[in-house]
Amino acid sequence: GISTATLNLSHYYRYNGTESAAIEASTDGTSWTTLQTYTSTQGSSTSFASPGINMNAFANQPVVYIRFKYDASYDWYWAINNVSVSGN
């Protein structure tokens, strides 16, 4: 079985001070667990940040949903690329 799991991505999150960004996971698509929140700029337009997000709590689950939740009214942006999940 899988004992560890990591969500890998490249992103540029331009923080303005009033929005929120979170990466969440769920096994049923209804109840969500926050894996990571961002409250400051991550990366840049020429150098995306590439974090590895711990998903060990979801290792060995038959189905896992991942969402990128960006709540904003008039703010900047969140560019996301190269999303993958790896495990051991």
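Residues are numbered from 1 along each chain as its sequence is written, and side-chain values use heavy atoms, with hydrogens and water left out. Because the model is predicted, local features need pLDDT of at least 70 and side-chain atom pairs count only at pLDDT 80 or more, while totals for chains, interfaces and linings use all residues.

The protein has 0 helices and 6 strands. Helices (H or I, at least four residues) and strands (E, at least two) are DSSP runs, numbered from the N terminus. The C-alpha trace spans about 40 × 30 × 15 Å along its principal axes.

Three strands form an open sheet in the order β4-β1-β6, with antiparallel pairing; two strands pair if DSSP finds at least two bridges between them. β4 (52-54) and β6 (77-87) each have a single partner strand, so one side of each lacks a neighbour in the sheet. Strand β1 (residues 5-14) is joined to β4 by 3 bridges, and Leu7 stands opposite Ile53 in β4.

Leu7 also belongs to the largest nonpolar core, which has 13 residues; Ile23, Tyr38 and Trp78 are among the others with the most contacts inside it. Such a core is a set of buried Ala, Val, Leu, Ile, Met, Phe, Trp, Tyr and Cys residues joined through side-chain atoms within 4.5 Å, where buried means under 20% relative accessible area with a 1.4 Å probe, protein chains only. The largest share of this core, 4 residues, comes from β1. Of the 88 residues of the protein, 25% count as buried.

Technical notes. Buried < 20%, exposed > 50% of the residue type's maximum accessible area, 1.4 Å probe, protein only.
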